[in-house]
Amino acid sequence: MAKKFKLPDLPYDYNALEPVINAEIMQLHHQKHHNAYVTNLNAALEKYEQAEANEDLNTMISLQPAIRFNGGGHINHSIFWTNLAPKNKGGGEPPKGELADAIKERWGSLDAFIEKFNAQAVPIQGSGWCWLCFCPKSKQILTQTCVNQDPLEGTTGFIPLLGIDVWEHAYYLQYKNARPDYLKAIWQVVNWANVSERYMKCKSGATCASCR
Ligand code: MN3
């Protein structure tokens with residue numbers, strides 16, 4: 001039997017990110033969307049194991065898109081929740097230390113980084129994610145977009161530091177079609193301490209299993 005993945009608890013209340021992201025969005029996003037990815041991932045993995053036991057390669061291959069989509073959804077949202085924090089718990093407080101230095105070195109300033117990041121995230125066609133990530137080969141930070149629920153590390157090899165969900169379910173109930181307004185506002189609740197912790201683990205060369 002495959003190990004069952006579980007929906008993680010949110011590290012704050014559903015209304016804790018208001019007014020930037022309202023409680024209705026957070027509750028649906030966590031309890032319905034993320035929960036569905038976990039349920040569907042576990043179901044696909046169970047079928048995959050059965051198919052593997054039967055040496056049924058066609059069924060195994062037919063299950064791969066479901067594992068990629070739902071597994072990616074689970075990975076991405078598990079990171080996303082910890083990348084955010086209420087304003088009274090550090091949300092929006094600028095990064096410090098080595099991450100702050102790396103951002104400054106690469107983009108000139110935090111504001112310039114945010115502008116570049118949003119300029120990449122706004123035009124993502126359909127659904128996807130924009131990431132600040134770490135390249136394990138060059139040891140540099142960079143931004144990268146992914147479509148649908150493609151997980152950053154599994155599809156590019158880059159290690160995720162900060163991911164912003166630009167699926168409509170992440171903002172539509174509050175921001176309607178105005179994705180740029182959502183992307184402008186969300187930086188008020190970005191948990192830079194979490195992003196920095198992920199960066200330092202990558203930089204130290206420690207295995208990033210705990211960052212995922
Ligand atoms: Mn989402």
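**Notes on the sheet, the metal site and the cysteines**

1. Let's start with a strand pair: S1, covering residues 128-134, runs antiparallel to S2, and seven bridges join the two. One of the contacts to look up is tryptophan 131, whose bridge partner in S2 is glutamine 144. Keep in mind while browsing that this is a predicted model.

2. Now the whole sheet. Three strands make it up, in the order S2-S1-S3; the sheet is open and the pairing antiparallel. Which strands stand at the edges? They are S2 (141-147) and S3 (159-165), and each has a single partner strand, so one side of each lacks a neighbour in the sheet. Going from one strand to the next, the twist averages 25°.

3. A helix goes with this sheet. H4, residues 110-121, packs on it and touches S1, S2 and S3. If you compare directions, that of H4 makes about 145° with that of S1.

4. On to the metal. What coordinates the manganese ion? The donors come from His29 (NE2), His77 (NE2), Asp165 (OD) and His169 (NE2), at 1.9 to 2.1 Å. Along the chain, their spacing reads H-x47-H-x87-D-x3-H. Histidine 29 sits in helix H1 (residues 23-53) and histidine 77 in helix H2 (residues 57-83), so this pair ties together parts that lie 48 residues apart in sequence.

5. Last, the cysteines. How many disulfides turn up when the whole structure is searched? The count is zero. Take cysteine 135: it is in no disulfide, and the nearest cysteine sulfur, that of cysteine 133, is 8.3 Å away. For cysteine 146, the closest cysteine sulfur is also in cysteine 133, at 7.8 Å, which is too far for a bond. The reasoning rests on a cut-off, because a disulfide needs two cysteine sulfur atoms within 2.5 Å.

6. One more thing on those cysteines: where do they stand on accessibility? Cysteine 135 has 12% relative accessibility and therefore counts as buried. Cysteine 146, at 5%, is buried too.

Technical notes
Residues numbered from 1 in each chain as written. Predicted model: local features only at pLDDT ≥ 70, side-chain atom pairs only at ≥ 80, totals over all residues. Heavy atoms only, no water. Donors = N, O, S within 2.8 Å, 3.2 Å for Na, K, Ca; no water. Helix = DSSP H or I, 4+ residues; strand = E, 2+ residues; numbered from the N terminus. Buried < 20%, exposed > 50% of the residue type's maximum accessible area, 1.4 Å probe, protein only. Pairing = 2+ DSSP bridges. Axes fitted to C-alpha atoms, helices over the stretch in contact; angles between N-to-C directions. Contact = heavy atoms within 4.5 Å.
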